[in-house]
Amino acid sequence: MSKLALLGGEPLKKTPFPAWPVYDEHERQALNQVLESRVWWRTPGTQTLAFEQEFAAYHQAKFGVAVTNGTAALEVALSALEIGPGDEVIVPDFTFVATASAVLFTGALPVLVDVTPDTFCIDPAQVEAAITPRTKAIIAVHMGGHPADLDALRELAHRYGLYLIEDSSHAHGAEWKGHKIGAIGDIGTFSFQSSKLMTAGEGGMILTNSPELERKARSVHDCGRMPGEWFYAHFIYGSNYRLSEWQGAVLRQQLKRLDEQAAVRSRNAAFLDRELPKIEGITPQKLDPRATRHGYYAYIFHVDRRAFAGISTERFIAAFNAEGIPTQASYPPLHELDVFKSGAYRKRLGEPHARAEHPFLRSGFPNTLKAAWETVWLPNPVMLGSEEEMEIVVEAIRKIQRFAEELRQ
Ligand SMILES: Cc1ncc(COP(=O)(O)O)c(C=O)c1O
């Protein structure tokens, strides 16, 4: 019998990593308070309003607008920027589909570009090459919690007169050169879906320093209403994207835990950053020195199969999971998704995009391919583990390497 758990051996880790989401009496009391107040609806409520203010202040932003989820946050942000049919928005090929589908929702064309080979965040050089007279905005995704190159992207946005949107769904509390991400660009979006660094099961947030964008985003998220006006007066296009009081109350408590959890994740990540490069073929996501705080929604590392007897990433992950180390899937490249390959995305587009060729869909995207198919992701709760647990993570990779030949057979 092999020593590898996947082939019938003993797993290295037999106890679970920390449970997620984390909650205690604070969440329970907050929910009870909403229950007993009988104010469950955001409009007259106090919880979601207070959460918007607290989350914005924490991220050094002037304004926050809470919405139903991170996809909605992108849709509302793009609508507030008045992006629509005929416009182009530059988006990384390596991200969750929502970054691009929100652009399609507005009728604009998401123009996909490659990421950098080491941070896996949108590559500013590729962004510049993709700018056309129709480009209105760039969406930077802080991948896995690592801030995108906000210096270069801001400079480009400024030089070409474009909006910079930060999709910060992975990066609550992350920092770029000592400043919290989210409102370094014109507008930023967050998700509070259950795998995220703070959660109410679902939820989202928009941050901005612009009073004008805040006013528009708030109106779009509330059926086109304007603050102070009659309830049944609707001034611009809008929909109902309001977050409930239950979620606002839970998220206020979750925010209070973020710094303490972030410190544990950062400490564990520093340990893995030291230990993993000692294993041939393992390269952690690069930490740009300007990224003074990484969110660590996931700890991402690249596996060079040549150092593992040529086995696939899928096989590596199966062996890793069998040793008791959970992982979460990397994203497939957007350009390989059916919605793009089949042409279905065209149904959302205005002219001239609906009938035009989109040559970017035939690009090579070599760095996205690498990030999509050759990386392994340790989920955020794993990063809340103890140092002993991090040692087991390292040991599991060494074990796979030692017995890689058996995995190939
Ligand atoms: C990068 C990114 N953008 C947007 C979203 C959308 O967030 P949600 O699932 O809350 O709609 C997610 C997460 O799910 C994400 O990972």
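A nonpolar core here is a set of buried Ala, Val, Leu, Ile, Met, Phe, Trp, Tyr and Cys residues joined through C-beta atoms within 7 Å. Buried means that 20 or more other C-beta atoms lie within 10 Å of a residue's own, with exposed at 12 or fewer, partly exposed in between, and C-beta atoms placed from the backbone. The model shown is predicted, so to speak of a local feature takes pLDDT of at least 70 and side-chain atom pairs count only at pLDDT 80 or more, while totals for chains, interfaces and linings use all residues. Residue numbers start from 1 along each chain as its sequence is written.

**View 1. The whole protein.** Here we have 13 helices and 12 strands (DSSP runs numbered from the N terminus: H or I of at least four residues for helices, E of at least two for strands). The radius of gyration is 22 Å, close to the 22 Å from the globule rule for 409 residues, so the protein is as compact as a globular protein of that length (the radius is taken over C-alpha atoms, and the rule is 2.2 Å times the number of residues to the power 0.38). Buried residues make up 51% of the 409.

**View 2. Inside the largest nonpolar core.** This core has 116 residues, and V67, V76, A77, I138 and I206 touch the most other members. Helix α3 (residues 70-80) gives the largest share, 7 residues. Zoom in on V76: beyond its neighbours within four places in sequence, V76 is in contact with V67, I206, A217, V220, H221 and Y241 (contact means C-beta atoms, placed from the backbone, within 7 Å).

**View 3. Strand β3, covered on both sides.** All told, 5 of the 5 residues of β3 (residues 109-113) are buried. L109, V111 and V113 sit on one side, with P110 and L112 on the other. In a regular strand, side chains alternate between the two faces of the sheet.

**View 4. β3 and its partner β2.** Strand β2 (residues 88-92) runs parallel to β3, joined by 5 bridges (strands pair if DSSP finds at least two bridges between them). From β2 the chain passes through helix α4 (residues 98-106) to β3, a right-handed β-α-β crossover (with the strands pointing away from the viewer, the path from the first strand over the helix to the second runs clockwise).

**View 5. One face of helix α11.** In α11 (residues 366-373), the buried residues are N367, T368, A371 and A372. Down the axis of α11 they fall within an arc of 130°, so they line one face of the helix (the arc is that of the directions from the helix axis to the C-beta atoms). Their cover includes β12 (375-379).

Conventions:
Contact = placed C-beta atoms within 7 Å.
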